[in-house]
Amino acid sequence: MSLKVQWKLCWENQLERADHQELSEFFRKTYGPTGAFHAKPFEGGRSWAGARPERRAIAYDSLGIASHMGVLRRVIKVGDTDLLVAELGLYAVRPDLEKMGIAHSVGALSPSLRELGVPFAFGTVRHAMRNHVERYCQHGMASILTGVRVRSSIPEAHPDLPSTRTEDPLVVVFPVGQPMSDWPPGTLIERNGMEL
């Protein structure tokens, strides 16, 4: 990671139109190589894909945006338990800095997560990201939960399609205000909204 990276922690309403345009371009360039579908939500200067973040951690270097992580407080249901969490999403690193790692993004967000007063932060990632996330989890900063399905709302309602989808991603949990042993049991997480 470049020593010249500067982090900007901000509320969503602190971003100006130019910030959204720059983030939109960053996400299209970062997510586009994994498939045109992944870049599509960011067309037209939009800087979010599903649910809109509440806070953002944005890393900048001399070339512009280097990394991004979004945060949204929400109540999820894990098994039979309602649980306040900070959902982490919209994670991206510019391709030339891929070794920067998730640890830097979560590290930059740690003070904000504590300020939000949540017991846990959680996020979901594709199984292809397992090795990347496992390196971070080795130090006990987070845990990967497998065999947990996640049900989310679909961003666009269509009369001939279901309004929710259930997936089997890797669930990553970061203890913030409580130990991991307090995470409730359950094999289904109800996001009760769109993925961040």
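**Notes on a pocket and a strand**

1. Helix α3 supplies five residues to the lining of the second largest pocket, the largest share. Helices (H or I, at least four residues) and strands (E, at least two) are DSSP runs, numbered from the N terminus. A pocket is an open set of points on a 1 Å grid over the protein atoms alone where a 1.4 Å probe fits, with protein on both sides within 12 Å along at least five of seven lines; lining residues have an atom within 4 Å of a point.

2. Please keep in mind that this is a predicted model: local features need pLDDT of at least 70 and side-chain atom pairs 80 or more, while totals for chains, interfaces and linings use all residues. Residues are numbered from 1 along each chain as its sequence is written, and side-chain values use heavy atoms, without hydrogens or water.

3. Which elements give two or more residues to the lining of the second largest pocket? Among the lining residues are Val106, Arg114, Tyr136, Phe174 and Pro175.

4. Strand β9 (residues 170-175) has five of its six residues buried, meaning under 20% relative accessible area (1.4 Å probe, protein chains only).

5. Strand β9 also has two antiparallel partners to look at: β5 (residues 120-125), through six bridges, and β6 (residues 143-145), through three. Strands pair if DSSP finds at least two bridges between them. Val171 in β9 stands opposite Thr124, and Val173 in β9 opposite Ser143.

Technical notes: Buried < 20%, exposed > 50% of the residue type's maximum accessible area, 1.4 Å probe, protein only.
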